[in-house]
Amino acid sequence: MASSIAAIQAALHAQSDAAGIDAWLFYDFRGSDALAYRVLGLPQAELTRRWFYLVPASGHPRALVSAVEPEALADLPGERIVYRTWQDLHDGLRGLLRGCRRVAMQYSPNNAIPYVSRVDAGTVELVRSCGVELVSSADLMQRCEAVWSPAQYASHCRAARGLRQTVDDTFAHIAAAINAGTQSTELGAQAFMLDSFARAGLLTSKPPIVAVDSHSANPHYQPEPATNAAIRRGSFVLIDLWAKEPGGVYADITWTGYAGESVPDEYANVFAVVRAARDAAVMLVSEAARSQRSLCGADVDEAARSVIRRAGYGDYFVHRTGHSIGVEVHGNGANIDGFESPDHRRLIPGTCFSIEPGIYLPGRFGVRSEVDVYLSERDAEVTGMPAQTAVVPLLAPKMRVA
């Protein structure tokens, strides 16, 4: 666990220049904060009493645990204070925080970053009553949770290649079914994609999205037996797929196709706006990385959103531009968001996020184009290339996904 503590203290030192944070205070009650266990390098335990663990920017950590579960946090270094009564708990917490002025916890003012908002309001009040200023651990969490190792980056790239192959194979599968007169369906295409994941050794948190025609206007549509649409000649098809290797990190992409020889203008024109928005966001990130200029998620969201707004579709872009990607498909780093939440966390090297603007026309169709962007020290890489440049005509004589 020493390596976990060292990483936490390195993150605190990286933040302290700007924020002056004295310590990171971890807290859990009955599994309320899975992130705490992950950052501390602990297996998720079935504990029934509250515990606190303070990691100072410098010096030795300290733990506060219940007499009912005195072995809680036994694998972590540092002094251990044992409480019995609620009065002991309050006194112990004051002792734990002695000497601290500003302390970070899994808390987000106004719940702006819900991914990190794991501490209940009462505990926030209790900690503040000890005379410390409480700040959000959102940026610290990003440094400890969202920065990839070289092995994770390599795993992501392999997963991204597997997803790209699945896109090609799925579109070919749909075309073959239509040409053979046997017709595919949303659930049939979804099952094909899951088989493709299995062949590639990939896992997913839930089945991919296959959305046909008006279903594609629902950003998080999932086919069910009652809604399962046929994919016919003339159908517009959106597929959104995410997967990872066992123990790896996710890749996540979205493509669109048209079951015909050439794509009608109504689809092609909306896709062109979405592609321009996607590319504007990617370009902003790339230019900032190369010039060592700081960006936050909300900045990039606005770069994409402004393109769609100028094209007259602003009311039909109904979600954030992207999300952090990690061991969970929606990770705990900065999201590309100034719409659903004001994410002002800085984008930092070693992290990955999706760029996925969309236009959703109710009752008609929806277009989304999603790529993953990995941020290195001096550049930004779109993984899983090539990215989609136009709606794919699935029945074109020499259909090629591009």
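Q: Before we start, what are the ground rules here?
A: It's a predicted model, where local features need pLDDT of at least 70 and side-chain atom pairs count only at pLDDT 80 or more, while totals for chains, interfaces and linings use all residues. Residues are numbered from 1 along each chain as its sequence is written, and side-chain values use heavy atoms, with hydrogens and water left out.

Q: OK, what volume does the largest pocket have?
A: About 420 Å³. A pocket here is an open set of points on a 1 Å grid over the protein atoms alone, with protein on both sides within 12 Å along at least five of seven lines. Grid points are joined across faces, edges and corners, and the volume is the space filled by probe spheres set on the points.

Q: How many cavities turn up in the whole structure?
A: Two of 30 Å³ or more. A cavity is a set of grid points where a 1.4 Å probe fits but cannot get out.

Q: What sits around the largest cavity?
A: Ile253, Glu370, Val371, Gly384 and Ala387 are the closest to its centre, among 13 lining residues. β11 (251-258), β16 (371-375) and β17 each give two or more residues to that lining; strands are DSSP runs of E, at least two residues long, and helices are runs of H or I, at least four, numbered from the N terminus. The volume of the largest cavity is about 60 Å³.

Q: Valine 382 is in which strand?
A: β17, residues 380-383. Leaving out residues up to four places away in sequence, valine 382 touches Val282, Val371, Asp372 and Val373, where contact means heavy atoms within 4.5 Å.

Q: What about the second largest cavity, which elements supply its lining?
A: α5 (138-146) and β12 each supply at least two residues. Asn332 is one of the lining residues, as are Arg38 and Glu145. The volume there is about 50 Å³.

Q: Switching to arginine 345, is it buried or exposed?
A: Buried, with a relative accessible area of 4%. Buried is under 20%, exposed over 50%, and partly exposed in between, with a 1.4 Å probe and protein chains only. Arginine 345 is in the loop between β12 (324-325) and β13 (351-355).

Q: What does its side chain pair up with?
A: The side chain of aspartate 343, through a polar contact of 2.8 Å. That term means a pair of N or O atoms within 3.5 Å; within protein, one must be able to donate a hydrogen and the other to accept it, and residues adjacent in sequence count only if both atoms are side-chain atoms. The backbone oxygen of asparagine 332 also lies 3.3 Å from a polar atom of the arginine 345 side chain.

Q: Last one: how many bridges join β5 to β6?
A: Four, and the two strands run parallel, with arginine 102 opposite glutamate 133. Strand β1 (residues 23-28) is also parallel to β5, joined by two bridges. Strands pair if DSSP finds at least two bridges between them.

Key:
1 Å grid on protein atoms, 1.4 Å probe; cavity = no way out; pocket = protein on both sides within 12 Å on 5 of 7 lines; lining within 4 Å.
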